[in-house]
Amino acid sequence: MPKNNHALLSCQGVTVRFGGVTALDHVDFLAPKGNITSIIGPNGAGKTTLLNAVTGLVGTTGGAIEFAGRDIAALPPFRRGLAGVVRTFQNLEIFSNMSVLENVMTGCHRHVRYSMLDCLFKTPRYRREEKRCRDVAGEKLTFMGLADKKHLPATDLPFGSQRLLELARALAADPELLLLDEPAAGLNMKETRNLSRIIQRITQELKITIVLVEHDMDLVMHISDRVMVLNYGRTIAEGTPKEVQKNPDVVTAYLGEDEDE
Amino acid sequence: MSGFKKNAAGLTAFALLVLVLPYLLPNEYYVNTLIFAFLNAIIVVGLNLLMGYAGQISLGHGAFYGLGAYTSAIATATYGLPMGAGLVLGIAVAVVAAYLIGIPTLKLTGHYLAMATLGIGVIAYIFFNQTIELTGGPNGFTGIPRLKLFGYEFESDLSYYYLVGGVLTLVVLFSLNLIDSKLGRALRAIHTSEKAAQVSGIDIARFKLFIFVLSAAFAGFAGVLYAHYLGFVAPSSFGFHFSVTLIVMSVLGGMANVWGGVAGAVFLTVLPEFLRAFEDIESIIYGGILIVCVMFLPEGIAGGITKLTGFRPGGRKADAEK
């Protein structure tokens, strides 16, 4: 059961078409506040497309996307970012021309308040806000265990740390809703365990609602409050990890039809 | 914080160099060359913000330079407007032109800006050539008055040199401060990942438009100063060739670096003067030097200096914070 009934994100009948292909077909999806809600499904099921639709990186052809009680389906992506919907990417989208710290400081963008004149004249307000931004960024890097790497060029980090860097950048935006697109892809077992702890700490300590798209079933079943299963752009099951695991439709989707039937 | 101190130190050193340079030169002619070098540097610093930081390519900055030059020339010589008005109008026309080109093209991802500015450069060139009553056509526009501001006429080359040097120093200061902020981070973010920039709440279309218009304003400003220095402008100074030269200056100096723009512009403006002595093989040597630079200085002159000294002029990496 959801920890509380208030849904921070609610998608109703979301449909996305690419030419003749229907990537999402009237998908309903709820992310209750404070929960970790996972989306699983075979490759090509539409999981990433759903995240793209929520963040506005692909347009929807139908349906409503409500965030904190407000319809965001028509907003451009950066407005959704400003509203507090932030995500990470399956294929890393690190700012390769910046240091680790600057990457995370860029994540703070929506909270840094000064005008162009402030930065041209380096006013006290500029200095105060920059310092605050640098402190917040440092805090997030400490949270991820990357504090000692902050002055390195971002591209010098090993792959696993770049994943955490992206997560730190997302956290720096102080989001209400965090969407994680296969954060464990390419990580080894130890790194995945570390990631699992970090994701749980994000919900527990920072009170951020998480939507997780992930293939690593151990991770999903271990940390999720609710799981939704997508296949061919449709929802085929929804429930607690236990319920979903026992659902015959899910087993079929993953393992294929029994030949006798 | 010490990034700020480093900027201040670099700027002070640069201002001092600008001050003493005329006294180190053997004759007045070199002052003239330096004026053109600084004018180009003003444009290239703007172009570096656009190309090196925001990752957008303009193949038509010569047009904004020309718009600034012609507008101020026509405003002051033909219509007898005061110099200050010519200056403001020159920059304003460049800004408006950039804004109108930028709005439709910068909403698109990909190299549409490069294509649009390529077209605008060609159109501006044809316009300067064909509107003979307005611009004097291919023969050029003559009789542009010397720059006069607040009752002071910059009559000697040396006074003009200090004016242009001062403007360039301010343009560099302005750019360094702009880059060292959330605006600079937003621009660099757009360069590497538009998706991640948007998710962080960065309005990428607005930032791209802003930096494109700003770089056009720098070019327009330089154009105004150019027209009132030379007293004569002709379309050939603002053609495609010049736009490409600006890009070469930017690449050669170091794109993602404010000082790189200055270095590239000064180097490539001064270099041909030294190669004059070689007459017939001038172009070959010029080309050869460019090839050597690109081979051994992939991050430009500024990048090369960083590598040699560990000092990153105006840049922000590794040691910049502590």
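## Helices of chain B and the fold of chain A

In chain B, the axes of helix 3 (residues 61–78) and helix 5 (residues 112–130) approach within 8 Å and cross at roughly 35°. The contact involves Gly62(B), Ala63(B), Gly66(B), Leu67(B) and Tyr70(B) on helix 3 of chain B, and Ile120(B), Gly121(B), Ala124(B) and Phe128(B) on helix 5 of chain B. The crossing of these two helices is left-handed. The model is predicted.

Helix 2 of chain B covers residues 28–53. At 1.5 Å a residue, its 26 residues should span 38 Å, and its end C-alpha atoms lie 36 Å apart, so the two values agree. Helix 2 of chain B is mostly covered, with 19 of its 26 residues buried. After this helix comes Gly55(B), which has a positive phi, near 75°.

Chain A contains 10 helices and 10 strands. For its 261 residues, a compact globule would have a radius of gyration near 18 Å; the chain has 19 Å, which agrees. The table collects overall values for this chain.

| Property of chain A | Value |
|---|---|
| Radius of gyration | 19 Å |
| Span of the C-alpha trace along its principal axes | about 75 × 40 × 35 Å |
| Buried share of the 261 residues | 46% |
| Share joining residues at least 24 apart, among contacts between residues at least 6 apart in sequence | 69% |

One residue of chain A can be followed in more detail. Ile208(A) sits in the loop between helix 7 (189–206) and strand 8 (209–213) of chain A. Is Ile208(A) buried or exposed? Ile208(A) is buried, because 23 other C-beta atoms lie within 10 Å, and the cut-off for a buried residue is 20 or more.

Which residues are in contact with Ile208(A), leaving aside its neighbours within four places in sequence? They are Pro175(A), Glu176(A), Leu178(A), Ile202(A) and Thr203(A). Ile208(A) and Ala7(A) are 201 residues apart in sequence, while their C-alpha atoms are 13 Å apart in space.

Notes
Residues are numbered from 1 along each chain as its sequence is written. Chains are lettered from A and ligands numbered from 1 in the order in which they are written. This is a predicted model: local features need pLDDT of at least 70, side-chain atom pairs count only at pLDDT 80 or more; totals for chains, interfaces and linings use all residues. Helices (H or I, at least four residues) and strands (E, at least two) are DSSP runs, numbered from the N terminus. The expected span of a helix is 1.5 Å times one less than its number of residues. A residue is buried if 20 or more other C-beta atoms lie within 10 Å of its own, exposed if 12 or fewer, and partly exposed in between; C-beta atoms are placed from the backbone. The radius of gyration is taken over C-alpha atoms; the globule rule is 2.2 Å times the number of residues to the power 0.38. Two residues are in contact if their C-beta atoms, placed from the backbone, lie within 7 Å. Axes are lines fitted to C-alpha atoms, for helices over the stretch in contact, and angles run from 0 to 180 degrees between N-to-C directions. A crossing is left-handed if the near helix is turned anticlockwise from the far one by less than a right angle, and right-handed if clockwise.
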